[in-house]
Amino acid sequence: MTDPGTREALTAMLEAMFLTPEQQMQKITWTGMYAEPWQVDVDLCRESMAHPAKASKRLLQHIFRHMLLRGYLLHKGETCLDPFFGVGTTAIVGGYFGMRVIGCELEPHFVTMSQANMELHRRKWEALGVPMPVVIQGESRQLARLVNLSTGSPLALIYSPPYAD
């Protein structure tokens with residue numbers, strides 16, 4: 001029997017209170033998120049590998065899967081924003097989940113790299129009927145002004161945490 005004062009017991013109690021039995025069955029394991037690297041010339045163009053803070057492919061896959069399982073994203077083509085777009089890793093993963101991804105990136109050279117990366121996936125996305133991601137060059141603090149959300153409000157905001165040496 002688990003000691004009721006342990007972290008595991010508290011977690012189990014909270015899950016029992018707030019998750020439906022179906023959600024409990026569909027829990028995602030959040031370990032090993034950095035075990036699957038990006039592949040050069042398959043996932044990302046070679047120049048992109050120099051970006052200091054590429055988001056983890058597996059972590060992004062888990063985030064999108066988690067949002068779909070929990071009902072945060074319901075339909076193909078729903079909009080996700082990434083205010084720190086970098087080389088477009090969120091768009092690459094989100095595209096394969098059928099999401100419309102819009103990114104904002106301050107640095108022009110990363111905008112160029114993200115466009116090259118998205119081009120690597122264009123044919124597959126077209127075959128799947130996936131909306132082509134969009135990258136906008138600009139300051140993310142001006143995101144609301146930069147992004148035309150005429151198709152409705154975004155349902156998700158996904159971004160990498162800040163990195164430091």
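Modeller: This is a predicted model, and in its largest nonpolar core, which has 21 residues, Phe 64, Leu 73 and Cys 80 touch the most other members. Helices α3 (57–70), α4 and α5 each supply at least two residues of this core.

Biologist: What does Cys 80 touch, leaving out residues up to four places away in sequence?

Modeller: With those set aside, Cys 80 touches Phe 64, Leu 73, Met 99, Arg 100, Val 101, Ile 102 and Ala 156. There is also a second, separate core of six residues, and Cys 104, Ile 136, Leu 143 and Val 147 are among them.

Biologist: OK, on to the sheet. In what order do the four strands come?

Modeller: The order is β3-β2-β1-β4, in an open sheet with parallel pairing. Strands β3 and β4 (156–157) lie at the edges, each of them pairing on one side only.

Biologist: And how many bridges join β1 to β2?

Modeller: Four bridges join β1, which covers residues 79–82, to β2, and the two strands run parallel. Cys 80 stands opposite Val 101 in β2. Helix α5 packs on the sheet, where it touches β2 and β3, and its direction makes about 170° with that of β3.

Biologist: Let's stay with α5, then. Why does its end-to-end distance agree with its number of residues?

Modeller: Helix α5 has 21 residues (108–128), so at 1.5 Å a residue it should span 30 Å, and its end C-alpha atoms are 29 Å apart, which agrees. Even so, α5 bends by about 50° at His 121, and just after the helix Gly 129 takes a positive phi of about 75°.

Biologist: Which of the α5 residues are buried, and what covers them?

Modeller: The buried ones in α5 are Phe 110, Val 111, Met 113, Ser 114, Asn 117, Met 118, His 121 and Trp 125, which puts the bend residue, His 121, on the buried list as well. Their cover includes α4 (89–96), β2 (100–105) and β3 (134–137).

Biologist: Which residues is Ser 114 in contact with, apart from its neighbours within four places in sequence?

Modeller: Leaving those neighbours out, Ser 114 is in contact with Phe 85, Gly 86, Val 87, Gly 88 and Val 135.

How values were computed. Residues are numbered from 1 along each chain as its sequence is written. This is a predicted model: local features need pLDDT of at least 70, side-chain atom pairs count only at pLDDT 80 or more; totals for chains, interfaces and linings use all residues. Side-chain values use heavy atoms; hydrogens and water are left out. The expected span of a helix is 1.5 Å times one less than its number of residues. The bend at a residue is the angle between axes fitted to the seven residues ending there and the seven starting there. Buried means under 20% relative accessible area, exposed over 50%, partly exposed in between (1.4 Å probe, protein chains only). Contact means heavy atoms within 4.5 Å. A nonpolar core is a set of buried Ala, Val, Leu, Ile, Met, Phe, Trp, Tyr and Cys residues joined through side-chain atoms within 4.5 Å. Two strands pair if DSSP finds at least two bridges between them. Axes are lines fitted to C-alpha atoms, for helices over the stretch in contact, and angles run from 0 to 180 degrees between N-to-C directions.
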